[in-house]
Amino acid sequence: MATHSAPPDARSGFRLPTHWLGVAPFFIFAMMFLILPTLYLVIGAFQNDQGQYTLDNIRQLFIDKSIRDAYWVSIKISFWSATVGAFIGLAMAIAIVRGGLPAWVRSSTMTFSGVASNFAGVPLAFAFLATLGRLGLVTVLLRGIGIDIYAMGFNVLTSWGLIIVYLFFQIPLMIVIITPAIDGLKREWGEAAATLGATTWQYWRMVVIPVLWPSFLGTVILLFANSFGAIATAYAFTGSSLNIVPIKLYAQIRGDVLHNPHLGYALAFGMIVVTGLANIFYIWFRTRSERWLK
């Protein structure tokens, strides 16, 4: 009677975890550039220059008026850029998905949104300064027809100017994220509502809005976190003229006058807490929305 030998891995009782090799680069990258730097910042926030543990840096976040003002300005800019960007992006997404527009409009809009949502930093700041700065293209053209927007009180290097700049990537990001949720609205729901005698407004108020609300609110929170943590665009656009947390953090860590690295770590720790809470709420709302869209 012939006997069958067991497979090599069964005889040895050991199998190399080759199925983990594909995701190993991701975990290595996350560990080196996300987890370890975050731990370094958190530990540094609770230390002084001598390496002793202290709460003075965290206490400064609450007692220093300039730091409190920086957090408030950052929250205000993030809130308005997220809210305005979310509503404009939602309207555009509804138009390209359910507005009866040609298919090429949706494909081109989604392609542009995918690119524009990642367009930030120095190129974006330069583009807006070259467009709406005191010597920008649009400013000069308007001045040529007798409209001086700066004489009328407009100034691009303000909080609202930075909000306008942030909208350039906030609106496309909203379109990219909310479009799948709108695609998940089943046509059968509209037909059932019409069969039951519901008007279009009743259908939107009682079906569409409750279904989209978790996705919409979660995306607003994600846009808030996206704006709150942006530093390259803000610094390249306003320099040090605007008192927001990312610029103040940069001044504390790399500046020549306000050089206090551990206070900068505390500022970064505060930003981690704010953006972390925002992402937790985003995941929670996203989970709720997926229940309806499955």
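Modeller: What follows goes through the salt bridges one by one, then turns to the helices and nonpolar groups around them.

Keep in mind that this is a predicted model. It holds 3 salt bridges. As background, side chains of opposite charge can pair when their charged atoms come close.

Start with arginine 59 and aspartate 56. Their side chains meet in a salt bridge, at 2.4 Å from N to O. Both residues sit in helix 3, which runs over residues 56–63. They are 3 residues apart, so about one helical turn separates them. The general rule is simple: an α-helix has 3.6 residues a turn, so residues three or four places apart point the same way.

The next pair is aspartate 69 and lysine 65. Here the side chains form a salt bridge at 2.8 Å, N to O. Both belong to helix 4 and lie 4 residues apart, which again means a separation of about one helical turn. Aspartate 69 is partly exposed, at 30% relative accessibility. Lysine 65 reaches 54% and counts as exposed, because the cut-off for that class is over 50%.

Stay with helix 4 for a moment. It covers residues 65–98, which makes 34 residues. From its first C-alpha to its last it reaches 48 Å, close to the 50 Å expected at 1.5 Å a residue. Just after this helix, glycine 100 takes a positive phi of about 75°. The unreviewed UniProt entry annotates residues 77–101 as one of its transmembrane regions. In the model, that span is 88% helix and 0% strand. Its end C-alpha atoms are 33 Å apart. Residues 232–251 carry the same annotation in the UniProt entry. That span is 70% helix and 0% strand, and its end C-alpha atoms lie 13 Å apart.

Now the remaining pair. Arginine 106 forms a salt bridge with aspartate 183, and the closest N and O atoms are 2.6 Å apart. Arginine 106 lies in helix 5 (residues 103–116) and aspartate 183 in helix 8 (residues 159–183), so this pair ties together parts that are 77 residues apart in sequence. Arginine 106 is partly exposed, at 29% relative accessibility. Aspartate 183 is partly exposed as well, at 38%.

The largest nonpolar core has 63 residues. Tyr71, Ile77, Leu162, Ile182 and Ile244 touch the most other members. Several helices each supply at least two residues of this core, among them helix 3, helix 4 and helix 8. Helix 8 gives the most, with 14 residues.

Finally, look at the surface. A nonpolar patch there includes Ile28, Phe29, Met31, Leu39, Ile43 and Tyr53. Together, the residues of the whole patch have about 1200 Å² of accessible area. Isoleucine 43 lies in helix 2, residues 24–45.

Methods:
Residues are numbered from 1 along each chain as its sequence is written. This is a predicted model: local features need pLDDT of at least 70, side-chain atom pairs count only at pLDDT 80 or more; totals for chains, interfaces and linings use all residues. Side-chain values use heavy atoms; hydrogens and water are left out. Patches are made of residues with over 30% relative accessible area and no salt bridge: like charges are joined within 9 Å, nonpolar side chains (Val, Leu, Ile, Met, Phe, Trp, Tyr) within 5 Å. Accessible areas come from the Shrake-Rupley method with a 1.4 Å probe; for residues, only the protein chains shown count as cover. A salt bridge is a side-chain nitrogen of Lys or Arg within 4 Å of a carboxyl oxygen of Asp or Glu. UniProt positions are given in the numbering used here, feature names are shortened, and annotations may be inferred rather than shown by experiment. The expected span of a helix is 1.5 Å times one less than its number of residues. Buried means under 20% relative accessible area, exposed over 50%, partly exposed in between (1.4 Å probe, protein chains only). A nonpolar core is a set of buried Ala, Val, Leu, Ile, Met, Phe, Trp, Tyr and Cys residues joined through side-chain atoms within 4.5 Å.
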